[in-house]
Structures are given as C-alpha cells and as structure tokens.
Amino acid sequence: EISEMSERSKQNVAHGLAWSYYVGYLKIVLPRMKKSMEEFCRANPNLLACRKTWKLHILVPLSCDVCDDLEKADSNIQYVTDLTETTLARAGTKKRVYKHSLYAIRDEENQLWHCAVEYATPLQSLYAMSQDECAAFSREERLEQAKLFYRTLEEILKGSKECADAYRLIAYEEPEEAETHFLSREIVWHLRQEHHEEIAMLEGSHPHTPSTALDSAELNLQISVSDLPQPLRTDGF
C-alpha cells in the first residue's frame with residue numbers, strides 16, 4: 001500500500017535519481033577529486049590558490065533547466081581545460097572515462113575565479129519527464145521533485161565519508177526575468193564563501209555560515225507552506 005501511494009505521488013522518482021547519481025557517479029569520482037586538483041595545481045599553481053575550492057561544484061537548478069554548454073548559459077563562464085581523467089571498467093564498458101572541466105568565472109569586478117563545475121545530470125531526466133505525456137509530470141510536480149532530489153542528495157553526501165569535502169551543492173532558483181549573468185554570480189557567491197571558510201580556518205576561528213545559504217530546512221519550509229517557488233537567497237545576487 002505504501003509503495004502504491006509513493007508511486008501515485010511520484011515520491012520515489014527523485015529519491016531514486018539521487019541515489020543512482022550518488023552510487024553510479026559521485027561515489028566514483030568525488031574520492032578522486034582532490035588528487036586531480038593537486039595534479040592540476042602543481043602545473044598551474046596560481047589558478048587554484050584556495051584549497052577550499054578544490055572540489056566539484058554541482059549546479060542544482062530547481063527549474064531542472066540544464067544547459068549542455070555553460071559558456072552559452074553565461075558569457076562570464078569560460079572553459080579552461082579538463083582535469084585528469086579517471087578510467088575504469090564499468091558495467092561491461094572497458095576503459096570508461098570520467099572527467100571534469102575547469103572553468104574561469106568572471107565576477108562583477110572583472111576578477112577571475114577558477115573551479116570545477118557541472119550540472120547535476122539527473123535533473124535532465126526530471127525535465128524530460130515533465131515534457132513526456134507518459135510520465136505526466138506537471139511543472140509544479142517537477143519543482144517538488146527537484147527539491148526532493150536536492151534534499152535526498154544532500155543527506156546522502158553528508159553521510160558519505162568517501163566524498164567528504166570534495167563537493168559543493170549549488171541549488172538555486174532562477175529569477176522570473178532573465179538575467180544575463182545570474183549563473184556566474186551564483187557560482188562566484190559560493191566561491192567567495194569557500195575563501196572566507198579557508199581564511200577562518202587559517203585564523204583558527206569558526207567559519208560564518210550566512211543565513212542566506214540554501215539548506216534542507218528552507219526547502220522543507222517551501223514545500224509545506226506553498227506549492228509555488230519561494231526566494232532562496234536575499235543577498236542581492
């Protein structure tokens with residue numbers, strides 16, 4: 001009976017996608033992330049001076065609108081190079097390649113910030129399902145699924161020792177009116193927080209967590225209070 005109720009409400013979709021994303025991808029690549037960053041930094045010591053940014057920055061747009069080319073999504077985001085590849089035999093595929101791209105993000109002061117960043121690919125599946133009559137996903141249901149995906153993935157990663165400090169989830173909701181450089185500003189906001197965290201660690205103080213940071217509690221509040229999207233951040237970005 002519980003299974004049937006879950007099936008009707010589609011609650012198992014996002015939950016399953018989050019676990020599949022973790023087991024089939026993140027659990028494989030994230031433990032190798034630090035080594036890839038270290039290898040890159042030895043050859044390019046000035047680009048990634050802040051060790052707190054030595055992680056995979058995972059974009060989670062709640063609209064599920066995933067752009068395959070980040071440079072086309074925002075002209076302030078420019079591809080730099082690929083990090084060292086990981087090659088594994090996987091599910092019958094010999095020499096399957098896993099790799100991440102490093103980008104330079106230009107901020108409003110024309111300063112460049114470098115990081116490895118990519119979208120959470122399962123969101124493409126949620127978006128495609130909302131466009132397919134067989135799945136019968138409405139826009140509102142897709143939004144709820146995106147929130148559930150984020151919360152589930154966040155909890156999974158928090159409990160994963162292998163992936164600790166190798167990722168940063170960047171969940172966001174795009175403004176109603178299109179903004180040319182919204183995405184780059186969103187990424188830079190998180191990179192600045194990582195810089196503040198590193199400085200706080202070096203100084204021996206506790207890093208400050210801004211009240212504007214998106215967390216599961218806020219997403220829970222959004223779901224329980226209204227079916228419509230609520231503001232995720234109030235810091236001006």
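Predicted model: local features only at pLDDT ≥ 70, side-chain atom pairs only at ≥ 80, totals over all residues.
Helices (H or I, at least four residues) and strands (E, at least two) are DSSP runs, numbered from the N terminus. The chain as a whole averages 82, with 80% of the residues scoring at least 70. Where pLDDT is low, the coordinates should not be read in detail.

Now for the helix pair. Helix α5 (residues 122-131) packs on helix α6 (residues 139-158) at about 160°, the axes lying 10 Å apart. That angle makes α5 roughly antiparallel to α6 (over 145 degrees, on a scale from 0 to 180 between N-to-C directions). On the α5 side, the contact uses P122, L123, L126, Y127, S130 and Q131; α6 brings in R142, Q145, A146 and F149. By class, these residues split into 6 nonpolar, 3 polar and 1 charged (Ala, Val, Leu, Ile, Met, Phe, Trp, Tyr, Cys and Pro being nonpolar, Asp, Glu, Lys and Arg charged, and the others, Gly among them, polar).

Residues are numbered from 1 along each chain as its sequence is written. Local features need pLDDT of at least 70, side-chain atom pairs count only at pLDDT 80 or more, totals for chains, interfaces and linings use all residues, and side-chain values use heavy atoms, leaving out hydrogens and water.

How values were computed. Parallel < 35°, antiparallel > 145°, perpendicular 65-115°, else oblique. Contact = heavy atoms within 4.5 Å. pLDDT = per-residue confidence, 0-100.
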